[in-house]
Amino acid sequence: MTVLIIGASGFLGMELVRQARAAGRATAATFHSRPGGASGTSWHQLDLRDASRLDAVLDAVAPTAVINAASGEANWAVTADGPLRLAVATASRGIRLVHVSSDAIFSGADVHYDETALPDPVTPYGAAKATAETAVRLLHPCAVVARTSLIIGDRGSAHERIVHELAVGTREGALFTDDVRCPVHVTDLAAALWELASSDATGVFHLAGPDAVSRHALGVLVARRDGLDPALLPAGRRTDSTLPGALDVRLDSRATQRRLSTRLRGVREFLGKG
């Protein structure tokens, strides 16, 4: 089984590569501008906006499965159109597809969202991710769509860097007390994605932790773990700002968890209770 990891030079992608090498999996990886530092993996430059290049990479690697961990943010051509091209290309070749989606597809109006919930995005990024989900499920009916939330690591994620920058005063802004998500550890997320890629599962899965915390509460947990003073973290409310986005979005992953052997830990467990 050869697996192609798209977006492998990103935070999640690098953990997927690391776990693949540790398990002796045959893998190939793509990057947009710079290849990752992992040796023993074949790296291929790929821009999901380029259909001919996508075909060339798939034909060269001839993977059994593809995990799409790429993040194009609010760039519609990458985040929405790219997965559409990928779904067509993999389906036509009989290649298994695991597409990573996001809780950004939800407005927060219902707060709790299980795997049957339909997207109702309120931001351009959320709209792009929702469109990608629809395209993947329509064009590749045997694919997996794996929705996740804030991805945390061992000091390597963007969220953790923001906490450090705010604490030392090199970044302006605030951590919102009314912006709630269900963070997941990158090692748990990657392990669950490998489990799904290696199975015959299809449809929508939720890969988020069981603990719902605000971004400020998350920052406090990170600060305490890293020996920073939580009092240095500025607090604010999204409702008092001009920033768009959902407030309270909690992915309910219980149905998915029952189907996985990988345990999705809560943020209070993997960062410590503080």
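Helices are taken here as DSSP runs of at least four residues, in the H or I state, and strands as E runs of at least two, both numbered from the N terminus. On this basis, in what is a predicted model, helix H8 spans residues 215–225, and just after H8 the residue Gly227 takes a positive phi of about 75 degrees.

Overall, the secondary structure of the chain comprises ten helices and 15 strands. The chain is as compact as a globular protein of 274 residues, because its radius of gyration, 18 Å, is close to the 19 Å given by the globule rule for that length. Along the principal axes, the C-alpha atoms occupy a box of roughly 55 × 40 × 35 Å. Buried residues make up 52% of the 274 in the chain, and among contacts between residues at least 6 apart in sequence, 76% join residues at least 24 apart. The accessible surface amounts to about 11900 Å², with 52% of this area belonging to carbon and sulfur atoms. Positive and negative side chains number 29 each, and the centres of the two sets are 3 Å apart.

In soluble globular proteins, nonpolar side chains tend to be buried together. In the present model, the largest nonpolar core contains 32 residues, of which Leu12, Leu16, Leu193 and Leu207 touch the most other members. Two or more residues of this core are contributed by each of the strands S1 (2–6), S2 (26–31), S4 (65–68), S5 (96–102), S7 (144–148) and S12 (203–207), and likewise by the helices H1 (11–23) and H7 (186–197). Helix H7 supplies the largest share, namely eight residues. Another core, of 19 residues, lies apart from this one and has Ala28, Leu58, Ile95 and Leu97 among its members.

Within helix H8, the buried residues are His216, Leu218, Gly219, Val220, Leu221, Val222 and Ala223. The cover over these buried positions includes helices H6 (158–168) and H10 (267–270), together with strands S8 (151–152), S9 (175–176), S13 (213–214) and S14 (235–236).

A further helix, H2, spans residues 51–61 and contains Arg53. When residues up to four places away in sequence are left out of account, Arg53 touches His44, Gln45 and Leu46.

Terms used
Residues are numbered from 1 along each chain as its sequence is written. This is a predicted model: local features need pLDDT of at least 70, side-chain atom pairs count only at pLDDT 80 or more; totals for chains, interfaces and linings use all residues. Side-chain values use heavy atoms; hydrogens and water are left out. The radius of gyration is taken over C-alpha atoms; the globule rule is 2.2 Å times the number of residues to the power 0.38. Buried means under 20% relative accessible area, exposed over 50%, partly exposed in between (1.4 Å probe, protein chains only). Contact means heavy atoms within 4.5 Å. Accessible areas come from the Shrake-Rupley method with a 1.4 Å probe; for residues, only the protein chains shown count as cover. Lys and Arg count as positive and Asp and Glu as negative; His and the chain ends are not counted. The place of a charge is taken as NZ of Lys, CZ of Arg, CG of Asp or CD of Glu. A nonpolar core is a set of buried Ala, Val, Leu, Ile, Met, Phe, Trp, Tyr and Cys residues joined through side-chain atoms within 4.5 Å.
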